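I opened the file to look up a few things. These are my notes, in the order I took them.

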Amino acid sequence: MAYPLELGFQDATSPIMEELLHFHDHTLMIVFLISSLVLYIISLMLTTKLTHTSTMDAQEVETIWTILPAIILILIALPSLRILYMMDEINDPSLTVKTMGHQWYWSYEYTDYEDLNFDSYMIPTSELKPGELRLLEVDNRVVLPMELPVRMLISSEDVLHSWAVPSLGLKTDAIPGRLNQATLTSTRPGLYYGQCSEICGSNHSFMPIVLEMVPLKHFENWSSSML
């Protein structure tokens, strides 16, 4: 959950999000080093006299400033491709949930159970209870088991939506007529909030997502009570 004046990402609660945070720090350090070098060179050019004008014609310098950027790009591309393949990989999910985007709410269907489906609407500000978060709470939370791979099938019935939960590293477009899929695995229990991340209309910002990750025993009790 984000908090006021937060400068970084939300705390990671899935292996994929942890990898994304490491990749972000790795890339940010490279950008910082490059920016520092460029700033240093610019400051030297402004404060010193050019005593070696023939240096810019040297073949060695041209070779270095051609090969070095290529190496840096490889150092960024390899971990990026690794995470990309990890996000697309789905290995024998324990549970499948179908998510449909509407104007402007989400509906969920647990395909492994019969008649386990519901709509999830945002709770109006006037109906919030003490401690609940404005514009983020919903009347029906998505309850999922923790430490198990869950496959989300995501689509839309009207316009483009985007199903996103930052702390799990999830952001998948909901496209009418197309079925996208994503995998999530939570390493700890808790409530995880997200919102529609596509400008889908006037009430685009009023499509919150709340995932409640619980131990498997509690999930079985919840699913039994819903049937």
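**Entry 1: the model and its domains**

I noted at the start that this is a predicted model. Domain 1 runs over 15–88, and domain 2 over 95–226. I took the centres of the two domains over C-alpha atoms and found them 39 Å apart.

Which residues of domain 1 lose the most area to domain 2? I began with the contact itself. On one side, 5 residues of domain 1 take part, and they meet 6 residues of domain 2. The area buried between the domains comes to about 380 Å², with carbon and sulfur atoms giving 58% of that figure. In domain 1, the residues that lose the most are Pro15, Met17 and Met87, which together make up 75% of what that side buries.

Helix α1, residues 15–47, gives the most to the domain 1 side, with 4 residues. I sorted that side by class and got 5 nonpolar residues, no polar ones and no charged ones.

**Entry 2: salt bridges**

I moved on to charged pairs. Side chains of opposite charge can pair when their charged atoms come close. How many salt bridges does the structure hold? I found 3.

Glu19 pairs with Arg82, and their closest N and O atoms are 3.0 Å apart. This pair links distant parts of the chain, since Glu19 sits in helix α1 and Arg82 in helix α2 (residues 59–88), 63 residues apart. I checked accessibility for both. Glu19 is partly exposed at 21% relative accessible area. Arg82 is also partly exposed, at 44%.

Arg141 came up next. Glu137 forms a salt bridge with Arg141, with 3.5 Å between the closest N and O atoms. Glu212 meets Arg141 as well, at 3.9 Å from N to O. Glu212 lies in strand β10 (residues 208–214) and Arg141 in the loop between β3 and β4 (142–145), so this pair ties together parts 71 residues apart in sequence. I wrote the three down as a network of salt bridges: Glu137, Arg141 and Glu212.

Is Glu137 buried or exposed? I read a relative accessible area of 3%, so Glu137 is buried, the cut-off being under 20%. Arg141, at 27%, is partly exposed. Glu212 is partly exposed too, at 26%.

**Entry 3: Ser186**

I picked Ser186 next. Ser186 is in the loop between β8 (180–184) and β9 (190–196). Its relative accessible area is 0%, so I logged Ser186 as buried.

What does the side chain of Ser186 meet? The side chain of Thr13 is joined to that of Ser186 by a polar contact of 3.4 Å. Leaving out residues up to four places away in sequence, Ser186 touches Thr13, Met146, Glu147, Leu168, Tyr192 and Met213.

**Entry 4: Met100**

Met100 belongs to strand β1, residues 95–102. At 14% relative accessible area, Met100 is buried. I listed its contacts beyond four places in sequence: Tyr105, Trp106, Ser107, Ser155, Ser156 and Glu157. Met100 and Asn203 are 103 residues apart along the chain, and 16 Å separate their C-alpha atoms.

**Entry 5: backbone geometry**

Where is there a cis peptide bond? I found one joining Gln103 and Trp104, with omega about -5°. Trp104 lies in the loop between β1 and β2 (105–110).

I then looked up positive phi values outside glycine. Leu5 has a phi of about 65° and is not a glycine. Leu5 lies in the segment before α1. At 83% relative accessible area, Leu5 is exposed. Asp115, also not a glycine, has a positive phi of about 60°. I placed Asp115 in the loop between β2 and β3 (117–120). Asp115 is exposed, with a relative accessible area of 66%.

Terms used:
Residues are numbered from 1 along each chain as its sequence is written. This is a predicted model: local features need pLDDT of at least 70, side-chain atom pairs count only at pLDDT 80 or more; totals for chains, interfaces and linings use all residues. Side-chain values use heavy atoms; hydrogens and water are left out. Domain bounds come from an automatic or database domain assignment. Contact means heavy atoms within 4.5 Å. Buried area is the accessible area (1.4 Å probe) that two parts lose on being put together, summed over both. Helices (H or I, at least four residues) and strands (E, at least two) are DSSP runs, numbered from the N terminus. Ala, Val, Leu, Ile, Met, Phe, Trp, Tyr, Cys and Pro count as nonpolar, Asp, Glu, Lys and Arg as charged, and the others, Gly among them, as polar. Buried means under 20% relative accessible area, exposed over 50%, partly exposed in between (1.4 Å probe, protein chains only). A polar contact is a pair of N or O atoms within 3.5 Å; within protein, one must be able to donate a hydrogen and the other to accept it, and residues adjacent in sequence count only if both atoms are side-chain atoms. A salt bridge is a side-chain nitrogen of Lys or Arg within 4 Å of a carboxyl oxygen of Asp or Glu.
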